[in-house]
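Colleague: Please take a close look at one strand and its neighbours in the sheet, and keep to what can be computed.

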Amino acid sequence: MPTSTSRAPGSLGSNGLPSLDALRFIYVTGKGGVGKSTATAALARAMAARGRRVLVCMTNAKERMSGMLGSPPIGPEIVSAAPNIDAVNMEPRKCLEEYGVMILKVKALYKALFENRYVDSFFRAVPGLYEWSMLGKAWYHTTELLSGKTSDDVDAPYADGWKYETVIVDGPATGHGLDMLRVPRVLLDVAPAGPMRKEAERAWRLFQDPSHAGVVMVTLPEEMPANETLELAEGVREMNLPIPRLVVNGLLPPLFQHEQRGLLLARELPLGLTSAHARASREQIQEDALAKLATLKLPTSYLPFLVNQEPSSPQAILALAHHL
Amino acid sequence: MTSPKSRKLTIPPQSHLAKLLDTKQVLLCVGCGGVGKTTTSAALALAAARAGKRVLCLTIDPAKRLANSLGLEHMTREETLVSPEIFARAGVPVDGSLTVMMLDTKRTFDEIVIRHASSQKAREAILNNKIYQYVSTSLAGTQEYMAMEKLQALREAGTYDLIVLDTPPTANALDFLDAPERMVEAIDSPAMRWFVQAFTGKSVSLGLLGKGSQLVLKAVGKITGAAFLDQLAGFIAAMNDLFGGFTERAKRVSEALRGPDVAFVLVTSPEPMAIEEINFFADRLREFAMPRDVYVVNRMHMPPAPLPGDLAGELVGCGLPADPAFQHAVQAAHHEATLLAQRDASHLERLRIDARDPTPVLRVPAFENDVHDVGALARVGEALIGHVAA
Ligand SMILES: Nc1ncnc2c1ncn2[C@@H]1O[C@H](COP(=O)(O)OP(=O)(O)OP(=O)(O)O)[C@@H](O)[C@H]1O
Ligand SMILES: Nc1ncnc2c1ncn2[C@@H]1O[C@H](COP(=O)(O)OP(=O)(O)OP(=O)(O)O)[C@@H](O)[C@H]1O
Ligand SMILES: [Mg+2]
Ligand SMILES: [Mg+2]
């Protein structure tokens, strides 16, 4: 039995939530700076600790993941970052070249292509191509078998197993990070035939399959991020993509009980007590934001706000991994 | 509550802000995602309006509550004058005027198409093209570019003393500067001309084509599918026809950014990542010999006032519980606030300030609540001026 099917989809993890471990493809998204990379690193650590072989794909990011995983720098070539975790910082140009080599096979042909002085800026300017080159690469790695062959039949029992049981994409920070996910669909619209379309179709089929793929949304327990997360969820659901997990990052452990908070917020306080007032107010905002997020009815994990610890250190990431 | 009268704003003439408002016609707020660009632009615009200017704030994707509190109930995309009543209700007297407008990228793009298309047919062809629909909403750089287009149009109209421009939430603040180039690349670059000519087999005279090009094109087609290239060639040709000299136009837009009347407001939070990003942006501006007019460090945790000496007594005096557990929680809150303030202050040391040409740094405290009404915007503005009305 390959390990990839040892956890039946729908099984519960130790935290009582439907486990993410059976997923082959996870796309992490959320507004800029909410903790997508932090959550990605922690999730990779958590899954790897449970024995999954994980590939973390960054989308042409300022590379800070190596600091979080305690690994050597992560560049455009896949490197081993931690036990059971490989990682890569995808560069569109390089992804495209890899893809070209794979499709064209004949060296003379792809040399002619990538040495042409216009091709570079041509590719850069083709709408969606760079996004797809990265997303397509990440998807491709879900099809690789340990034997070196490939397959996109997620349910077939392979004797040798998947090279990567789970591929996690740390989505781009721009906008809602949905633009990249939308590209395969655009390709289905504009590319009537050809290899790119075929791959986009296969990838899209996987992305929409709730037992093997999903969008993990990351947010903060604050008013505006919560509002935007509701909109984001709507956008993801419109695309018919599953959302197996919401990650609320930066959760404050409450210092005050509900009534105490009420008492603090109900009065004008002297200057010496403003820090207590501010804390109570933050706790209240958090409570309201959590209530709003609860209306999404999504399985939710909570990552604590770290004050006493550098949040991007390997130790902090390992601590956060326990919550996933 | 502060009474309306006490919120009259005078900007001290020696303040950095006064200098900006006197000498500049455009303030451009840049910074990475979520640091407070929209808030800062609205606050700056309001402050200028309070000081008597006719101001337009061109915002991008403001929070609904902020838009609502400025009277943009229907999230309209038109220029909307904020009603003096709204200011009166908030107790924020405004001597000038404040107009707000939300950028709609797709609509701005559509407007350009409609204005410049040579025929009804050409216009329909573009607006209905699938690639156009994707480009006009999702292509990296489109939003930035369209913001600049809009800015240019508004400037030429000359209705305002000051335009404050918010920028879209890019991962990378630098994207903003490159937007015109990227748009040119997508529509009117030599590479695109090469492609269209090679594809349609026209104009071999350029000497770019020949066997090599055909081979390359075949290879591209193998990757993307020939039909996709077909669509793309159609799109590029239509856009080219539409924009004629798009390169020229983008150049004008991009040059306008470099005029002496444009100020860059570099917004950041005290988070190391945001500071790193704004340092990077400042370096880039320096490279271009462009001004770095002012830093705004938003959402700073300020050191809290010391706890009362007799905590239990003070708590009782305020009608609060004074049991040990509650006292402990109050102390913990104070300790945490102190820690956060220390952390922010130490992070701020990473902001690279050029000793020979120091850029002023304005700090805005983190408020307890989000900034989404006129009163709160006024307070942000006051913090920016470094002056709170007595
Ligand atoms: N639980 C936490 N407690 C305290 N700080 C945190 C926590 N999670 C993240 N941070 C800090 O917040 C900042 C943003 O985190 P991170 O880089 O993971 O966000 P991101 O969403 O990936 O950002 P971007 O959109 O720029 O890619 C970092 O400085 C990180 O160390
Ligand atoms: N000084 C402050 N104190 C408290 N809340 C603030 C402060 N500044 C901004 N905020 C809040 O932080 C959130 C983000 O601010 P804002 O929308 O201005 O950021 P932005 O840089 O425009 O974000 P984006 O990159 O997504 O456009 C808003 O909810 C705003 O009300
Ligand atoms: Mg990140
Ligand atoms: Mg904004």
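Modeller: Thr219(A) stands opposite Val248(A), a residue of strand 7 of chain A. The model is predicted: local features need pLDDT of at least 70, side-chain atom pairs count only at pLDDT 80 or more, and totals for chains, interfaces and linings use all residues. Residues are numbered from 1 along each chain as its sequence is written, while chains are lettered from A and ligands numbered from 1 in the order in which they are written.

Strand 7 of chain A spans residues 245-251; strands here are DSSP runs of E with at least two residues, helices are runs of H or I with at least four, and both are numbered from the N terminus. Six of the seven residues in strand 7 of chain A are buried, that is, they have 20 or more other C-beta atoms within 10 Å of their own, with C-beta atoms placed from the backbone.

On one pairing, strand 6 of chain A (residues 213-219) runs parallel to strand 7 of chain A, with four bridges between them; two strands pair if DSSP finds at least two bridges. Between these strands the chain passes through helix 9 of chain A (residues 223-238), and the β-α-β crossover is right-handed: with the strands pointing away from the viewer, the path from the first strand over the helix to the second runs clockwise.

Strand 7 of chain A also pairs with strand 8 of chain A (residues 300-304), again parallel, through five bridges. There, Leu251(A) has Pro304(A) as its bridge partner.

Conventions
A residue is buried if 20 or more other C-beta atoms lie within 10 Å of its own, exposed if 12 or fewer, and partly exposed in between; C-beta atoms are placed from the backbone.
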